[in-house]
Amino acid sequence: MSGKFTWTRRGEWLELMPGKLPMREGQDRLDAAAAWLEEGLQAPPKLLRRLRAEGGVKLAGDRLRLLAFPARASQYAPLEAELPLLYEDDFCLVVHKPAGLKVHPDGSEGSASRVTSAPPDTLANRVAGWFAGRGEPIAAAHIHRLDEFTSGPVLFAKNEYAHLKLDEAMSRKEIGRTYIAFVQGIVSPRLKVIDQPIGRDRHHNQRRRVSPGGKPAVTHVELLEVFPKHDVSLVRLTLETGRTHQIRVHLSAEGHPLVGDALYGGSTKWLSHQALHGERLSFPHPLSGEAVEVDDPWPPALTRLRDLFS
C-alpha cells in the first residue's frame with residue numbers, strides 16, 4: 001500500500017483523509033479519488049465500480065467517503081450462545097471455535113432444527129446471534145474453516161470490503177494458521193516438512209488420503225516435546241495450504257496419527273476427538289494492510305492431556 005492516510009467510521013460510511021490526491025490530465029477530483037482508492041488503497045476494483053455507480057463514493061473537501069458499512073442481513077439464523085471473542089474491529093471478527101462445534105450448517109442438522117424451529121448450533125449462527133443481540137445489521141462471513149472437532153480461532157469479515165480483501169489474502173497464502181497437536185509415536189526432529197498431495201479416499205466418503213493425483217499440500221512440523229512413557233509427541237504445525245483434514249492426513253501418513261483421531265488411526269483412550277488446536281492466526285488487515293496476530297489459549301481438554309502425559 002502506498003502513501004499514508006487516516007480514517008474513521010461515520011455510520012455506514014468509511015471516511016478517509018488521503019491528503020493531496022495525485023491528479024492526471026483530464027481527471028476530475030472524484031476520478032482521482034477513485035484511482036487512489038484502487039491503486040493506493042488497493043480497494044477491490046469491482047466493489048469500487050459498483051459503489052461509484054450507486055453513489056457510494058463521495059468527496060467533501062479533503063474527505064473521501066466510501067459506503068463500506070451498509071446494513072446487511074445475515075444468511076444465518078441468529079442463535080444466542082456463548083461466543084468467546086479474540087479480536088474485533090470495524091472490519092474483522094476473530095472468535096474461538098470449541099471442539100465439537102461446526103463452523104457453519106452443512107444440512108446434517110436439519111431435522112432437529114425443523115422440528116423445534118430453532119436455528120442450528122454452529123459458529124456462524126452464534127456470530128449472527130452476537131450481532132443481532134447488539135442490534136447491529138451485519139452479515140459476517142467466515143474466511144476459513146476448522147474441522148468440527150478442531151478448536152481454534154476463526155476469522156470473519158464484517159462487510160463486503162473486508163470479505164473481498166481477506167479472500168484475496170487467503171488466495172495469496174497471506175493468512176497464517178499455526179496449530180499444536182498431540183500425536184502418537186516419538187516424532188523425529190528431522191521431520192520438518194510434509195509435502196504430499198491429498199485427495200479423496202474412494203473407499204470412505206469422510207476420509208482423505210495422500211494421493212499422487214491429489215491437490216498439493218504442505219505442512220511444516222516443529223517438534224516441541226516428547227512423552228516417552230506414553231509414546232506421544234507434542235508438535236507445532238504451520239499450514240502452507242489448506243486441504244480438508246490436511247494435518248490429520250499428513251501426520252497419519254508419517255506414522256503419527258493424532259491422539260483421539262479414530263478416523264485416521266489414532267487412539268481414543270485419552271481423548272474422544274483429535275487433539276488438535278489452532279493456537280495462532282495472522283492476517284493482513286483489510287484496510288491498512290498491517291499485520292494482525294491473534295492467539296487462542298489452549299482449551300482445558302488439551303491442558304489436561306499435557307498434564308496427564310507429563
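Q: What is the bridge partner of Gly 176 in strand 15?
A: The bridge partner is Ser 282. Keep in mind that this is a predicted model, where local features need pLDDT of at least 70, side-chain atom pairs count only at pLDDT 80 or more, and totals for chains, interfaces and linings use all residues. Residues are numbered from 1 along each chain as its sequence is written, and side-chain values use heavy atoms, leaving out hydrogens and water.

Q: What makes strand 9 and strand 15 a pair?
A: Two strands pair if DSSP finds at least two bridges between them. Strand 9 and strand 15 (residues 276-284) run antiparallel and have 6 bridges, so they pair. Strands here are DSSP runs of E with at least two residues, helices are runs of H or I with at least four, and both are numbered from the N terminus.

Q: How many bridges join strand 9 to strand 14?
A: There are 7, and strand 14 (residues 232-239) runs antiparallel to strand 9. Across from Phe 182 you'll find Leu 234 of strand 14.

Q: Why is Glu 174 called partly exposed?
A: Buried means under 20% relative accessible area, exposed means over 50%, and partly exposed is in between (1.4 Å probe, protein chains only). Glu 174 has 36% relative accessibility, so it counts as partly exposed. Glu 174 sits in the loop between helix 5 (160-171) and strand 9.

Q: What about strand 9, mostly covered or mostly open?
A: Mostly covered: 8 of the 9 residues in strand 9 (residues 176-184) are buried.
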